[in-house]
Amino acid sequence: PLAALAGERPRTNFLLHCSGCHQPDGSGSAQNGIPNMKDRVGHFLRLPEGRAFLVQVPGTAQSSLGDGETAELLNWMVVALSPHAVPANLLPYTRDEVARLRATPLNDVAAVRASVVGRLQQMGYKIE
């Protein structure tokens, strides 16, 4: 369960690889086009394309982290940054899933994100 997704290594990897843009608390930088993940990013796991998006965005897909470490980081991130937004039936990312999704890069990040956010908003989830 959720407690199993906690850990120091994924938090450290988030700070080293993600917080430069997304900020240590996940609040992002609206003026620089970096979305706020706090209390929102867990909702992305409600849709297959949202789940894929979190792996396929360039910062994740092109990270120097291995597939297993990336899965671990994503699992930590969604729970740590948006515990109330994570679906009750959370299926943690696996190394194999991350490897498969990384192999298909996004061509238009903004359009894919807008599509995912639009669908989540239609489902009643607050995401800007």
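Tutor: Helices (H or I, at least four residues) and strands (E, at least two) are DSSP runs, numbered from the N terminus. This is a predicted model, in which local features need pLDDT of at least 70, side-chain atom pairs count only at pLDDT 80 or more, and totals for chains, interfaces and linings use all residues. Residues are numbered from 1 along each chain as its sequence is written, and side-chain values use heavy atoms, with hydrogens and water left out.

Student: In which element is Gly 68 placed?

Tutor: Gly 68 is in helix 5.

Student: Why is Gly 68 called buried?

Tutor: Buried means a relative accessible area under 20%, exposed means over 50%, and partly exposed is in between (1.4 Å probe, protein chains only). Gly 68 has 18%, so it counts as buried. Its C-alpha atom is separated by 8.5 Å from that of Ala 99, 31 residues away along the chain.

Student: How do you know whether Leu 120 is buried or exposed?

Tutor: Its relative accessible area is 0%, so Leu 120 is buried. Leu 120 lies in helix 7.

Student: What makes up the surroundings of Leu 120?

Tutor: Contact means heavy atoms within 4.5 Å. Apart from neighbours within four places in sequence, Leu 120 is in contact with His 43, Phe 44, Arg 46, Leu 47, Tyr 125 and Ile 127. Leu 47 is 73 residues from Leu 120 in sequence, with 8.0 Å between their C-alpha atoms.

Student: Is Arg 51 buried or exposed, and how do you know?

Tutor: Arg 51 has a relative accessible area of 13%, so it is buried despite its charged class. For that class, Asp, Glu, Lys and Arg count as charged; Ala, Val, Leu, Ile, Met, Phe, Trp, Tyr, Cys and Pro count as nonpolar; and the others, Gly among them, count as polar. Arg 51 sits in helix 3 (residues 48-56). Leaving out neighbours within four places in sequence, its contacts are Phe 44, Leu 45, Leu 91, Pro 92, Tyr 93 and Glu 97.

Student: What makes the pairing of Arg 51 with Pro 92 a polar contact?

Tutor: A polar contact is a pair of N or O atoms within 3.5 Å; within protein, one must be able to donate a hydrogen and the other to accept it, and residues adjacent in sequence count only if both atoms are side-chain atoms. A polar atom of the Arg 51 side chain lies 3.3 Å from the backbone oxygen of Pro 92, so the distance meets the limit.

Student: What makes a set of residues a nonpolar core?

Tutor: The set consists of buried Ala, Val, Leu, Ile, Met, Phe, Trp, Tyr and Cys residues joined through side-chain atoms within 4.5 Å. The largest such core here has 31 residues, and Phe 14, Phe 44, Leu 54, Met 77, Val 78 and Tyr 93 touch the most other members. Helix 3, helix 5 (67-81), helix 6 (95-102) and helix 7 each give two or more residues to this core. Helix 5 gives the most, with eight residues. In soluble globular proteins, nonpolar side chains tend to be buried together.

Student: Which residues does Met 77 touch?

Tutor: Not counting residues up to four places away in sequence, Met 77 touches Phe 14, Met 37, Val 41 and Ser 82.

Student: How do helix 3 and helix 7 pack?

Tutor: Helix 3 and helix 7 (residues 109-122) pack at an angle of about 145°, with their axes 10 Å apart. Axes are lines fitted to C-alpha atoms, for helices over the stretch in contact, and angles run from 0 to 180 degrees between N-to-C directions. Helix 3 contributes Glu 49, Gly 50 and Phe 53 to the contact, and helix 7 contributes Val 109, Val 112, Arg 113, Val 116 and Arg 119. By class, four of these residues are nonpolar, one is polar and three are charged.

Student: What about Gln 23?

Tutor: At 28%, Gln 23 is partly exposed. Gln 23 is in the loop between helix 2 (19-22) and helix 3, and has a positive phi of about 75°, again without being a glycine.
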